[in-house]
Amino acid sequence: MAWSVTFSFGTGLDTFRRREPRGGRGSSARPSPRISASLAYGSSASTLRPRPERRPGRRRRNWKADTAPTHGVAAVVPPLTSSPGASRHATALGRSMSSFRARGRTNSDGCCTYSSRVFQMTFMMLAVSLTIPLLGAITLLNCPIDPQPLSFKEPPFLLGVLRPNVKLQQAEKLFENQLIGPESIANIGDVLFTGTADGRIVKLENGEVITIARLGKGPCKTREDEPTCGRPLGIRVGPNSTLFVADAYQGIFEVDPSTGRVKHLLSSQIPIEGKKMSFVNDLTITQDGRKIYFTDSSSKWQRRDYLLLVMEGTDDGRLLEYDTVTREVKVLMEGLRFPNGVQLSPAEDFVLVAETTMARIRRFYVSGLMKGGADMFVENMPGFPDNIRPSSSGGYWVAMSTVRHNSGFSMMDFLSEKPWIKRLIFKLLSPETVSKFVPRYSLVLELGDNGAYQRSLHDPNGLVAAYISEVHEQDGHLYLGSFKSPFLCKLNLDLL
């Protein structure tokens with residue numbers, strides 16, 4: 001390719017009219033010479049078709065650029081004259097070039113069109129205008145958690161006794177929309193007892209829900225009301241047919257179901273070995289009623305912030321022992337990550353503790369040769385365990401708050417070693433929003449007395465039994481508690 005310059009000399013159609021002496025018809029206008037030039041690069045040059053003089057009755061014609069495809073840039077130089085027509089030529093040329101660019105034509109080298117360049121610039125400006133405030137917000141916003149890196153083994157495959165099924169979908173819903181969050185269940189004879197999200201201890205008898213006690217005081221409408229309203233979690237029956245209740249915010253109570261009398265055994269406001277109890281969770285009691293073993297899930301996070309506790313991986317949970325006679329409290333285990341459900345063995349020689357964040361169950365020996373020692377009962381479970389309760393086979397029922405899919409996506413496993421992603425998520429999203437991404441897969445496991453899996457019950461979509469927190473076996477039926485659902489579920493074991 002080369003540059004080419006073309007000059008032309010002619011009279012032109014735009015003339016410079018000189019004023020002649022008045023002489024009537026003899027007057028004439030002499031055409032003035034005009035020099036025009038065109039400058040082009042490529043295989044062709046742009047030429048201009050001149051606009052004729054405006055005459056009455058004729059439409060004004062614009063200059064047009066007849067441009068053949070080129071491999072470069074074409075430019076047109078207006079006539080080299082100082083006539084008024086030259087000024088018009090320059091104006092028309094400007095309009096012509098603007099019109100040419102607006103058409104959005106592309107040269108043969110594939111250069112971007114004018115319209116595409118405008119789109120690219122607009123998109124870039126929009127992206128920058130959104131990115132800069134977002135980065136600023138991420139930098140300036142506070143993160144409510146200080147997540148710790150955790151290490152998990154690969155989740156077990158759901159094979160054999162863990163193979164998925166829909167057995168939980170055979171459950172029957174009880175007291176629907178009459179209970180909110182019946183976390184834990186106990187029975188005296190055929191009468192069931194549970195605690196609800198509005199701070200009540202209720203009796204379920206003859207198809208009715210009867211309030212027998214209230215541990216806190218109202219109102220009890222929002223999560224901000226929980227500390228004063230109270231939140232009953234673990235509930236057990238003592239040797240004298242009284243109920244022992246762990247309240248997440250207020251401590252441990254003894255309730256007489258016949259009179260409704262409430263006795264505050266241990267206040268959570270009393271520090272234990274220099275640490276306060278912010279999240280009293282579950283409890284189990286010896287047959288003589290003297291010792292109560294209970295969990296304090298965290299000294300930092302409260303129950304209403306349980307998702308922050310899980311995502312941060314805080315290791316400030318403890319297993320404690322309360323002596324109802326001496327009223328002394330001992331710390332048996334500490335450094336636990338969200339200790340949750342607890343269960344005393346039939347021989348009362350050890351206590352099982354569900355360590356929810358780590359998807360495992362620990363064992364602490366409270367009597368015998370191993371007293372004071374601890375080991376692992378079950379690790380790398382297919383879900384995150386909640387409450388533990390005895391089964392009629394001599395083993396244990398374990399409710400899974402959520403599952404860990406080996407062949408699918410497990411949010412906890414994915415984020416476990418990525419604290420920076422956790423920070424980013426909780427800077428931008430609320431815990432309530434994050435919880436919506438947790439799958440509703442419901443899972444119940446039965447363990448043998450040695451921790452081996454005996455059977456599993458599933459509801460893959462949480463259609464019937466959702467957010468299961470506890471499995472209570474009574475007279476050939478399983479009663480399924482929930483920390484969130486507005487009902488209890490009842491499942492006939494003979495149908496399984």
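Reply: Let us begin with Asp413 and Arg404, both of which are buried in this predicted model. Their side chains form a salt bridge, with an N to O distance of 2.8 Å.

Me: How many salt bridges does a search of the whole structure find?

Reply: The search finds 19 salt bridges. One of the pairs is Arg363 with Asp375, whose side chains meet at 2.9 Å, N to O.

Me: Which residue forms a salt bridge with Lys153?

Reply: Glu379 does, and the closest N and O atoms are 3.7 Å apart. This pair links distant parts of the chain, 226 residues apart: Lys153 is in the loop between H2 and E6, and Glu379 is in the loop between strand E22 (374–378) and E23. Lys153 counts as exposed at 52% relative accessibility, whereas Glu379 is partly exposed at 42%.

Me: Which residues are linked in a network of salt bridges?

Reply: Arg223, Glu224, Asp305 and Glu432 are linked in such a network.

Me: Let us turn to the aromatic residues. How many aromatic pairs are there?

Reply: The count comes to seven aromatic pairs. In one of them, Phe152 and Phe384 have ring centres 6.4 Å apart and planes at 85 degrees, so the pair is edge-to-face. Phe152 lies in the loop between H2 and strand E6 (172–174) and Phe384 in strand E23, which places them 232 residues apart. Phe152 is buried, with a relative accessible area of 18%, and Phe384 is buried at 4%.

Me: What about Phe279 and Phe338: how are their rings placed?

Reply: Their centres are 5.7 Å apart and their planes are at 45 degrees, so this pair is tilted. Here too, distant parts of the chain are linked: Phe279 sits in the loop between strand E14 (262–267) and strand E15 (280–285), Phe338 in the loop between strand E18 (329–336) and strand E19 (339–344), 59 residues apart. Phe279 and Phe338 are both buried.

Me: Which residues do ring pairs link into a cluster?

Reply: The cluster consists of Phe350, Tyr365, Phe377 and Tyr396.

Me: Back to E23, then. Where is Asn387, and what does its side chain make a polar contact with?

Reply: Asn387 is found in strand E23 (residues 383–390), and its side chain makes a polar contact of 2.9 Å with the side chain of Glu470. Asn387 is buried, its relative accessible area being 1%. Beyond its neighbours within four places in sequence, Asn387 is in contact with several residues, including Glu183, Asp282, Asn340 and Trp397.

Me: Now the surface. Which residues make the nonpolar patch of about 490 Å²?

Reply: Phe119, Met121, Phe123 and Met124 make that patch. Phe119 is placed in helix H2 (residues 114–140) and counts as exposed at 59% relative accessibility.

Me: Finally, what are the overall figures for the chain?

Reply: The secondary structure comes to seven helices and 29 strands, and 46% of the 496 residues count as buried. The accessible surface is about 25500 Å², of which 54% belongs to carbon and sulfur atoms. Among contacts with a separation of 6 or more, 55% are between residues 24 or more positions apart.

Conventions. Residues are numbered from 1 along each chain as its sequence is written. This is a predicted model: local features need pLDDT of at least 70, side-chain atom pairs count only at pLDDT 80 or more; totals for chains, interfaces and linings use all residues. Side-chain values use heavy atoms; hydrogens and water are left out. Helices (H or I, at least four residues) and strands (E, at least two) are DSSP runs, numbered from the N terminus. Buried means under 20% relative accessible area, exposed over 50%, partly exposed in between (1.4 Å probe, protein chains only). Contact means heavy atoms within 4.5 Å. Accessible areas come from the Shrake-Rupley method with a 1.4 Å probe; for residues, only the protein chains shown count as cover. A polar contact is a pair of N or O atoms within 3.5 Å; within protein, one must be able to donate a hydrogen and the other to accept it, and residues adjacent in sequence count only if both atoms are side-chain atoms. Patches are made of residues with over 30% relative accessible area and no salt bridge: like charges are joined within 9 Å, nonpolar side chains (Val, Leu, Ile, Met, Phe, Trp, Tyr) within 5 Å. A salt bridge is a side-chain nitrogen of Lys or Arg within 4 Å of a carboxyl oxygen of Asp or Glu. Rings of Phe, Tyr and Trp (its six-membered ring) pair if their centres lie within 6.5 Å; planes under 30 degrees apart count as stacked, over 60 as edge-to-face and the rest as tilted.
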